[in-house]
Amino acid sequence: NGTVDGFALSGESVVVVGQYSGVRGLARPRLVAFGTTGDVTTWNPNANGEVYALATSGTQVYVGGAFTSLGGMTRNYIGAVAENGTLDLTFNPDASINVYSFAVSGTTLYVGGGFSMIGGQPRFAIAGLDATTGAATSWDPGANSNVRALSLQGTTLYAGGDFTTFGGGATRNHIASILTTSDTASTWNPDVTGTTVNALASTADTVYAGGNFTA
């Protein structure tokens, strides 16, 4: 009964995020999962605010957005829901404001947003979190404004957003790259002319970007 904004695969289910409160007469606020035959599953995290980011790893579905409640419990802007629909009680990074993007690598969840605190530590707009506990890792690049998109290739993380400085204060207009082993932005610098990069996808030798820019 509302718009659909994105998809993610979780096992044999398709998770759909959007601005709706119900699907096929069933209450599914902003998040729903469909089985292999297109049936609505019992998975129902029931976010109380907008959802902007989804990522899956194993049986976990990571959810980020503007919500403060997930699965009937307090989860400020980020949480994790198991494939069976139960809220992960261990994972609770407790972000200070909106989460917009994820990238997963092994036991680390990379997070972009507008926050200044996450995982129990000061982290500005970008952070690495322990994928099990939600605690912030020591990795701390920092950006001066929202990080809205992330794409990971090996140990290189590409970031897009509203920022103009990134990774130790380097001038990077709306797009940057950084190693997951470093807090300093790499020399890669496309220098976008515009206001934001909202979407990223990458291969081994090409980065695709979308947003509000002209060059």
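Tutor: Let's begin with a definition: the radius of gyration is taken over C-alpha atoms, and the globule rule is 2.2 Å times the number of residues to the power 0.38. Keep in mind that this is a predicted model.

Student: What makes the radius of gyration of the protein chain agree with that of a compact globule?

Tutor: For 215 residues, a compact globule would have a radius of gyration near 17 Å, and the protein chain has 17 Å, so the two agree. Along its principal axes, the C-alpha trace spans about 50 × 35 × 25 Å.

Student: What does the secondary structure of the protein chain come to?

Tutor: The chain has 0 helices and 22 strands. Buried residues make up 48% of its 215 residues. The chain exposes about 9300 Å², with carbon and sulfur atoms supplying 49% of that area.

Student: How many salt bridges does the structure hold?

Tutor: There are 2. R148 and D162 also meet in a salt bridge, at 3.0 Å from N to O. R148 lies in strand β16 and D162 in the loop between β17 (156–161) and β18 (165–166), so this pair ties together parts that are 14 residues apart in sequence. In general, side chains of opposite charge can pair when their charged atoms come close.

Student: Why is R148 counted as partly exposed?

Tutor: R148 has a relative accessibility of 26%, so it counts as partly exposed. As for charges across the chain, there are 7 positive and 13 negative side chains, and the centres of the two sets lie 7 Å apart.

Student: What makes the phi of A125 worth a look?

Tutor: Most residues other than glycine have a negative phi. A125 has a positive phi of about 75° although it is not a glycine. A125 is found in the loop between β14 and β15, and at 4% relative accessibility A125 counts as buried.

Student: Where is H174, and what is its phi?

Tutor: H174 is in the loop between β19 (170–171) and β20 (175–179). H174 has a positive phi of about 75° and is not a glycine. At 6% relative accessibility, H174 counts as buried.

Student: How do you know which residues F213 is in contact with?

Tutor: Contact means heavy atoms within 4.5 Å. Leaving aside neighbours within four places in sequence, F213 is in contact with V192, T193, G194, T196 and V197. F213 is found in strand β22 (residues 207–213), and its relative accessibility of 29% counts as partly exposed. F213 and T165 are 48 residues apart in sequence and 17 Å apart in space, C-alpha to C-alpha.

Notes:
Residues are numbered from 1 along each chain as its sequence is written. This is a predicted model: local features need pLDDT of at least 70, side-chain atom pairs count only at pLDDT 80 or more; totals for chains, interfaces and linings use all residues. Side-chain values use heavy atoms; hydrogens and water are left out. A salt bridge is a side-chain nitrogen of Lys or Arg within 4 Å of a carboxyl oxygen of Asp or Glu. Helices (H or I, at least four residues) and strands (E, at least two) are DSSP runs, numbered from the N terminus. Buried means under 20% relative accessible area, exposed over 50%, partly exposed in between (1.4 Å probe, protein chains only). Accessible areas come from the Shrake-Rupley method with a 1.4 Å probe; for residues, only the protein chains shown count as cover. Lys and Arg count as positive and Asp and Glu as negative; His and the chain ends are not counted. The place of a charge is taken as NZ of Lys, CZ of Arg, CG of Asp or CD of Glu.
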